[in-house]
Amino acid sequence: MSVEWLVVLDRVLVVVFIVFVALGTVPVLATAFQFAVLPLHSVINHYKRAAYYRPNVAVIVPAWNEGLVIGASIDRLVQLDYPQDRLRVYVVDDASTDDTPDVVRAKALEHPGQVFHLRRDQGGEGKAHTLNHGISLVLAEPWAEAILIMDADVIFAFDSLRKMTRHLADPKVGAVTAYIAEGSRDRNFLTRFIAIEYVMAQLASRRTQNVLGAIACLAGGAQLHSRENLEAIGGRIPTGTLAEDTMATFESQLRGRRMVFEPHALVLAEEPRTIDALWKQRLRWARGNVQVTKHYRRLWFRPSRVHRLGSASFGLIWFSILLLPVLMTLAAIGLLALLLLHSDLAEFVFRLMWISAAIVFLFSVIFAVQLDPRTGRRSWREAILFQGVGSLILMVVAVFPGLVEQLVLAPFGLELTELGRVGWMASMYLWGPVSMLGAWLARLVERTPVGWLLARVLLYIVGYGSLLCAITVDSYVKEWRHADASWSKTEKVGRVLG
Amino acid sequence: MNEPTRADAVAAQREIRRDARLERRLIPKALLALVIVAAIVVIRELFLR
């Protein structure tokens, strides 16, 4: 091969690998976009069309072995600051084998005509089927004007339902969702991470989605549908995927109805306390998202006059989450290849990538902790360490070049050799995929006798974000292998502070 | 069924206005985050000089 051809090949490879790194920066740009749009919610929101509205609300609570939590949830529902003659609670008991039926029957006797026990003798088909059992009975009668779907363990703030119903005064609105916050009494490191995640994913991201006019998902723990909306989507929650709440959200919007996220309607939920439990829950969600992406494959990036799900902005947000592990791995491959071809260029591209990541991370974290100051005060460490100590070091290396060498090596009179420098850079470039492996390892070691401490240390090093990425990779693998997708319930024991 | 008393409607409207006002605080919150990030960028420039 002639020298000219080698030069051409070199240039082509450089462009290809720079594109790889640029693709790896897309999630950073998507986050920047979301946080740039977020302040617009101060003027572009639904409050102008909200009004006093207290429809008859049928609350559907799916319950399978929820004896420890269902009593408190019902008690709270009947205490809500909402006209009690306009509120009925239907607990759909999915063939529970614990004391759920006894608890619900006792509550039904306590609140006759308001709390109802609906028993399914054959259960285990999943949440959507359980919900549909209740929905079909409720829609068979004309009483219900709105249907609230919730989880058995969540505790609604007293004013949350009326803050949701006020948006249904606008007939264009089909459904409203609330802010689900982590609400355990005894928090641990994982629930604090989840609390920050929910601030980012709901108080920040869903406000942005309100502005953009496309909501990715009505939280399964608190989604209030108008009767017309539920009837328009067939009078049932779509089955067939693991993301029944996302399917219902999409189906509603495809029929031209608007979805609203109400950030001031607070609902507290109990979240997993171990990495293994979180992994199982999020694997179900991630697999559901993969299934939804395939199911609506003709929708993405195809603008429509009826809905905004096909907009480029919504597609950017959706795929930057769904493909995050792929994009991170592409960036690592690109940087490593550039290091072999032109190490100076690799260093420049790396710094550009991580400086932008540092700016966006800092801005988003400072903004997010202000959105829910109570969570911000409790979980500020987890907010700072959301991306992990490893990523923070990379940000410092990119923003302050030479500082780490000065702080770590110079005091001992040491200096990096050329080989050492290449090794140090390669390890930094590979951090994305390595951090996902670290998260996977954290789940493994958690089961060992000293695992709790080790898993905690590992998670702080690799970051909660990498844990979610590792789970997403697992979801790709499980979907590709068509692994068993039977419903696995997250265990709840009643830790939520009422 | 859905006819509110005047007091209910006024209270509901007041609550909506209050929550809409709370949303307007998103702008100063964004500005605060921006100022802190800008301050760090300035510190970086001073450090690298």
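Buried area is the accessible area (1.4 Å probe) that two parts lose on being put together, summed over both. Between chain B and chain A about 2,800 Å² is buried, and carbon and sulfur atoms give 65% of that area.

The model is predicted, local features need pLDDT of at least 70, side-chain atom pairs count only at pLDDT 80 or more, and totals for chains, interfaces and linings use all residues. Residues are numbered from 1 along each chain as its sequence is written, chains are lettered from A and ligands numbered from 1 in the order in which they are written, and side-chain values use heavy atoms, with hydrogens and water left out.

Chain A brings 35 residues to the contact and chain B brings 28, contact meaning heavy atoms within 4.5 Å. Five salt bridges cross the interface of chain B and chain A, each a side-chain nitrogen of Lys or Arg within 4 Å of a carboxyl oxygen of Asp or Glu. One of them joins Arg166(A) to Asp19(B), with the closest N and O atoms 2.6 Å apart. On the side of chain B that touches chain A, helix 2 gives the most, with 13 residues; helices are DSSP runs of H or I with at least four residues, numbered from the N terminus.

The table gives the residue classes of that side, with Ala, Val, Leu, Ile, Met, Phe, Trp, Tyr, Cys and Pro as nonpolar, Asp, Glu, Lys and Arg as charged, and the others, Gly among them, as polar.

| Class | Side of chain B that touches chain A |
|---|---|
| Nonpolar | 18 residues |
| Polar | two residues |

Note on methods. Helix = DSSP H or I, 4+ residues; strand = E, 2+ residues; numbered from the N terminus.
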